[in-house]
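Please look over the sequence and the model below.

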Amino acid sequence: MTTRPLTLATTLIRANARQYGMAVALVAIIVLFQILTGGLLLTPLNVTNLIMQNSYILILAIGMMLVIVTGHIDLSVGSVVAFTGAVSAIMLTSWGLPTVVVVPAALLLGALIGAWQGFWVAYVRVPAFIVTLAGMLVFRGATLAVLGGESIAPLPTSLRNMASGFLPDVEVLGLHLPTLLLGAAGAAAVVWIQWRSRARDLRHELPTAPTAVTVLVSAVTAVVIMVFAYVLAQYNGLPLVGLLLVALIAGYSFVMRSTTAGRRVYAVGGSEQAAALSGIRTRRTTFWVFVNMGVLSALAGLVFTGRLNAATPGAGTMFELDAIAAAFIGGASAAGGVGTVVGAVVGALVMGVLNNGMSLIGLGVDWQQLIKGLVLLLAVAFDIYNKRRVTVGRTLDVRPPGGTARGAGPKADDPSPSGEGGVRAGP
Amino acid sequence: MSETQTRPAPTGRPLLLMRDIRKEFPGVRALDGVSLSVGHGSVHALMGENGAGKSTLMKVLSGVHPAGSYDGEILVDGDPCAFAGVADSERAGIAIIHQELALVPQLSVGENIFLGHERARRGVVDWGATHAEARALLRRVGLDEAPTTPVSALSVGAQQLVEIAKALAKRVRLLILDEPTSALTEVESDRLLDLLLGLRDEGVTCILISHKLGEVVRVSDEITILRDGRAVETLAVERGEDGTPSVDEDRIIRGMVGRDLDQRYPERVGEIGGTRFEVRDWTVAHPTQPGRLMVDGVGLTVRRGEVVGLAGLMGAGRTEFAMNLFGRSYGRRVRGSLTKDGEELDTGTVAAAIRGGVAYVPEDRKTLGLILDDDIRHNTTMAALDRVSSRGVLDPGLEAVEAARMSERMRVRSHGTTQAVRTLSGGNQQKVVLGKWLFTRPELLILDEPTRGIDVGAKYEIYLIVRRLAAEGACVLFISSELPELLGMCDRILTLCEGRITGEVPGEEADQETLMRLMTRTGDQDRTDPRSPR
């Protein structure tokens, strides 16, 4: 059994191959376009643009990940972005309401929209595909109706500042000091979390990566964060939207990984029946996941409208597809129960860098769509291929420690009556 | 033995000869030189614990593992065969019926029987021929159903017969059945086994994989026992004048585990105390047909430290009762009350039931008990997340410790608690489900077919766990279709028929005949029909 730590490490890597794989792919894409654009991609200005351009997709991708984890889909987010943006613009301009009132009102509107869709999906049990396809039409129509087919522009500066503003500036040697400090704090926090959870895993004899690997991972993440902060500090510093994103990513990661609420979302997606029989209120969980998606759609609507400085009838078209693609590229499983927030972010960044890079080198929209489509397909195919390999490998690795071969080996013999004439659970 | 064989049997030459079959998966030798010889017109049982290699051997034979992926020879009627896939083996007259039935529920019986080789002329289905032939096949397997009945309307037992009819339609010579009776009631099992004997006499050879020793002894002509990827022995079963077989169950167990298993059920220990849980007049209506009572006025008591058995045929309402009691997970309650220590207990939702100290281990562990893709740790804590969290925030360290402790207590064989439960064997999965429910600290544990489809060794371990729980003072309600198991494990057995309690027998005094009689007390013709009332 001397090889066991090694096999365990490879199993660990294999099991996470999707996430590592996509992170590696993201780096490769960045390097590729950095070369192709002759260094334009990673200029401080362009990195800032990248964040701004992709912020709303990132926000949507986080919510979409939760929806997909529960085993559903939301096709309506693009239309909801447009509708909440339009209503916000009307509240700001026609009604003259202040931004501090409009922002919560818009988020509440998003929550109501989410509750509407969640009601049909969770309680009436209409498939989410149908409910949100209907929502896509309904809210697009509602957008056209409230805007009367015309755009509203310009918008008050307060909303614009929220969507395209930066952290207040304190300049040192031509660099944006708050950004650098935030970067350092962020890097320290991430490293601290990594080592704390490693220490915990060690204490409880859970499988852990070798020390060298953790050191390497910590070093790389810290350096990446610092470089990122340094690049941004050369321009205007961290955009406010960037700060919002960091908060969302950290918050949602925490909820999904470390709270009972997050665990319940995974359980409902993993097996709704098993979750129901474990005392989890599956319908309520599904309902709240859709409410959450609505709120995040409204947030994305505010950011998008603010950045565009206009509410337009066509806003948000195809956003749903970008968000869904990001979630799947980031490792979500269409069957539900699998997916991480960080994965969705990586997926969204892959799409975002592809978009931005291809635009920079002057590739047409035709090629952009084509390439993005193939990337999505390949990413998911890689995942399925990899999962099959991991399952086989893991199954056969299993040997009871120090025991006989009983209960181990290929689990071909596992008899599993999948059905009985009698009763199935119907929650 | 018979004239109806598709090809005359050359005397002395077996129908099937598998010689020195070796099959390796990365890291594991699943089959280590297995040889198997199956004679014409016989029933050949394949026995062995989970992981012994039975299914792998049958997958090699049926072409699921194609030629080239294993070493060794397969001879059918003396001709060497190299099957590239299932279609090849079917052409050679070999058909396998898996546990998970391969029928399309929405299609009719006739359509299913001829699925893939439709009775058709230039792509146009000949419904006349389809139905006529299907009717003949259904008569042959003894199933009284119209060919137009949708498969979804049939019980599992009847579906099993449709599967056999489907195999017969392909002019099968060698029929492989993988655990065919695991989801059947005793009556249905008996019919199926009689059918196998009938088919054998018509010249159809059967290979039977089963964990049920009684049925294997009853129908087999030969029994091959596999252990750790090797065929350890083949026993020929001779039947005496009075039909007594020359091989008994203990002999087979000895071969399977490689040692004598002196006891199949652990000793009763501990004292039985006073009444803790009492169910009165529990009545449950069908979820969509409000007038139809699935459980009718069930009353029972469970005392401290007592294991109470619940016996009944399929459709008797055992699972319906248990699931309705547990948070109304099935149907609608019409009336009835549950008391714990004399006080009314609310089990209106699953969460309330768990809080009240009730736990239900469902019969279908894969879809109702576990999240297969998740690991042991998360599955263990799923029903009691509050025990490993405070104010909604999980404590991963505590969770890991608790899951490891439970896993050890249940003797789950695994790499560790981060292993996905999908990759565990059936017995170990069942132990994880048990652990998950014990983690909720239940006072009333309802077990629904807790040992279905798991091997002898794991069964014994589960019995031990149940015994220990009872000795610690827990109340156990034990639902099972296997009467010997109920007799071996329960202090008291209640019988259920058509939703009503029809009898109560103390464990020591009961025997299978008594139970069977009580389970069929309102026994009209309907009872023996494989189509259970749904």
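In E22(B), Leu447(B) has Phe478(B) as its bridge partner. This is a predicted model, in which local features need pLDDT of at least 70, side-chain atom pairs count only at pLDDT 80 or more, and totals for chains, interfaces and linings use all residues. Residues are numbered from 1 along each chain as its sequence is written, and chains are lettered from A and ligands numbered from 1 in the order in which they are written. Helices (H or I, at least four residues) and strands (E, at least two) are DSSP runs, numbered from the N terminus.

**Domains of chain B**
- Chain B is divided into domain 1 (1-93 + 172-263), domain 2 (98-170), domain 3 (275-357 + 442-527) and domain 4 (371-440).
- These bounds come from an automatic or database domain assignment.
- Over C-alpha atoms, the centres of domain 2 of chain B and domain 3 of chain B are 35 Å apart.

**The sheet around E22(B)**
- Six strands form an open sheet in the order E18-E21-E22-E15-E23-E24 (chain B), with mixed pairing.
- Strands pair if DSSP finds at least two bridges between them.
- Strand E18 (358-361) and strand E24 (500-506) of chain B are the edge strands, and each pairs on one side only.
- Neighbouring strands are turned by 20° against each other on average, direction ignored.
- Axes are lines fitted to C-alpha atoms, for helices over the stretch in contact, and angles run from 0 to 180 degrees between N-to-C directions.
- Helix H15 (residues 456-471) of chain B packs on this sheet and touches strand E15 (307-312), strand E21 (444-448) and strand E22 (475-479) of chain B.
- The direction of this helix makes about 150° with that of E22(B).
- Contact here requires C-beta atoms, placed from the backbone, to lie within 7 Å.
- E21(B) and E22(B) pair in the parallel sense over five bridges.
- E15(B) and E22(B) also run parallel, joined by four bridges.
- Gly309(B) stands opposite Phe478(B) in E22(B).
- Strand E23 (residues 492-497) of chain B runs antiparallel to E24(B), with six bridges between them.
- Ile493(B) stands opposite Val505(B) in E24(B).

**Burial of E22(B)**
- Five of the five residues of E22(B) are buried, so the strand is largely enclosed by the rest of the structure.
- A residue is buried if 20 or more other C-beta atoms lie within 10 Å of its own, exposed if 12 or fewer, and partly exposed in between; C-beta atoms are placed from the backbone.
- Cys475(B), Leu477(B) and Ile479(B) point one way, while Val476(B) and Phe478(B) point the other way.
- In a regular strand, side chains alternate between the two faces of the sheet.

**A helix pair in chain A**
- Helix H10 (residues 240-258) of chain A and helix H15 (residues 341-360) of chain A pack at about 140°, with their axes 8 Å apart.
- H10(A) and H15(A) are therefore oblique to each other.
- Angles under 35 degrees count as roughly parallel, over 145 as roughly antiparallel, 65 to 115 as roughly perpendicular and the rest as oblique.
- H10(A) contributes Ile249(A), Tyr252(A), Ser253(A) and Met256(A) to the contact, and H15(A) contributes Val341(A), Val342(A) and Val345(A).

**Tyr252(A)**
- Tyr252(A) lies in helix H10 of chain A.
- With 22 C-beta neighbours inside 10 Å, Tyr252(A) counts as buried.
- Tyr252(A) touches Ile62(A) and Val341(A), not counting residues up to four places away in sequence.

How values were computed
Two residues are in contact if their C-beta atoms, placed from the backbone, lie within 7 Å.
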